[in-house]
Amino acid sequence: MHGYANPTRFLKIARPATAWLFGIGLLLLVAGAWGGLTMTPPDYLQGDTVRILYIHVPAAWLGMAGWASIAAASISQLVWRHPLAAVAGRAIAPAGATFAALCLATGSIWGRPTWGTWWEWDGRLTSMLILFFLYLGYIALASAERERGGDGRMAALFGVVGAINLPIIHYSVLWWRTLHQGQSISIAQGSSIAPELLWPLPLTMLGFTALFAAVALMRMRAELARQKVEARLRRSMAE
Amino acid sequence: MKVKPKHQRLVLVVLAAAAMIGAVLLAMWGLQDRAAYFVTPSDIAAGKAAPDKAMRLGGMVEKGSLKRDPDGVTVRFTVSDGKSETPVVFRGITPDLFKEGSGVVAEGRLDPNGLFVADNILAKHDERYMPPQMANEVAAR
């Protein structure tokens, strides 16, 4: 990984990767959305409401994967002092927060016709809301620290500690009795979603993930460009 | 022996992570009963639920138990968790997914006679998703 500590070498890969990820993501997303909206049958109980799953599940996955990436970047910053880690953490956070919010919003819209309520304080819903608040806290902390010229160590500590919430979200439906249903797809037990309803889901999952990565890379490049400008300004002021 | 600062930091992070995971597991274990979103008929049968206290009751609507009073808005049914049953009465509009044999969460309180008086009904969805034809085939089997 330290091979990419050099921003020039990182940018050489990141620049074409952004375009590729963006294109592939958009393509998969359009295919998945088209399949999910027009080709799959409605669910036997929920009817057409089930189609929100093709957005809700990827949003939940990326909300959690986003924080897992922030935690990984934070550890590599704290332990190995990787120079791009703080940049990566700050780049990922708003994208992760957006998907966490999207997950909460789509879940709420689905919950009204299915459960009969917009919101309930059950284990899964509450822990996901906490994840959204953690993102907001991380963004505020990281940008405050950056403005004061810190190296982002406080934000990195927050990123590691916040990762505690991820297993809580995942296992909330197993540990506690919740209104939210248990998991439908697991490695051990396969899927309890019928295959003719399931197939667009991997498309939108991969599509959203590629878009997420493209946005994160784009933001990292913008941040590196900003650092370069600031350094150049400082040098020209000193002269 | 001189320890490299990098390794020292790595050990610190690993120790901190282990301590945090331990703390969370302890908290989870302690919260197990309190963080439960609803009580089950078995809990009520075991005397764990006090009457006249706001709570949620969760379980399956027992097949053949759902009855509508002549006034048209009062429903009576039995919630079962496979071991025990609790009779429930509710006055109001039930969600679309509420029916016999499916999951339900009722908000309300237990009266002294063991009847659960609900003031809100939520349908609990399970983790199975399938097209209508397939559901018919499953039901036919």
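**Second largest pocket.** I began with the second largest pocket of this predicted model, which is lined by 40 residues, with Met60(B), His125(B), Asp126(B), Glu127(B) and Arg128(B) lying nearest its centre. For the term I noted that, on a 1 Å grid over the protein atoms alone, a pocket is an open set of points where a 1.4 Å probe fits, with protein on both sides within 12 Å along at least five of seven lines, and that lining residues have an atom within 4 Å of a point. The space in this pocket is about 810 Å³, a volume being the space filled by probe spheres set on the grid points, which are joined across faces, edges and corners. The largest share, four residues, belongs to helix 3 of chain B. Helices (H or I, at least four residues) and strands (E, at least two) are DSSP runs numbered from the N terminus. By class I listed 14 nonpolar, 18 polar and eight charged residues, where Ala, Val, Leu, Ile, Met, Phe, Trp, Tyr, Cys and Pro count as nonpolar, Asp, Glu, Lys and Arg as charged, and the others, Gly among them, as polar.

**Largest pocket.** I then turned to the largest pocket, where about 1,000 Å³ of space lies. Its lining has 37 residues, and Val57(A), Ala60(A), Trp61(A), Arg124(A) and His180(A) are nearest the centre. Elements giving two or more residues to this lining include helix 3 (85-115), helix 4 (123-147) and helix 8 (200-238) of chain A, while helix 2 of chain A gives the most, eight residues. I recorded 24 nonpolar residues, 12 polar ones and one charged.

**Glu223(A).** In helix 8 of chain A I looked up Glu223(A), which counts as buried because its relative accessibility is 11%, the cut-off being under 20% relative accessible area (1.4 Å probe, protein chains only). Leaving out residues up to four places away in sequence, I found Glu223(A) touching Val87(A), Arg90(A) and Arg146(A), with contact meaning heavy atoms within 4.5 Å.

**Annotated segments.** The unreviewed UniProt entry annotates "transmembrane region" over several stretches of chain A, including 92-111 and 154-177; such annotations may be inferred rather than shown by experiment. I found residues 92-111 of chain A to be 100% helix, with end C-alpha atoms 28 Å apart, and residues 154-177 of chain A to be 83% helix, with end C-alpha atoms 35 Å apart.

**Conventions.** Residues are numbered from 1 along each chain as its sequence is written, and chains are lettered from A and ligands numbered from 1 in the order in which they are written. Local features need pLDDT of at least 70 and side-chain atom pairs count only at pLDDT 80 or more, whereas totals for chains, interfaces and linings use all residues, and side-chain values use heavy atoms, with hydrogens and water left out.

Technical notes:
Buried means under 20% relative accessible area, exposed over 50%, partly exposed in between (1.4 Å probe, protein chains only).
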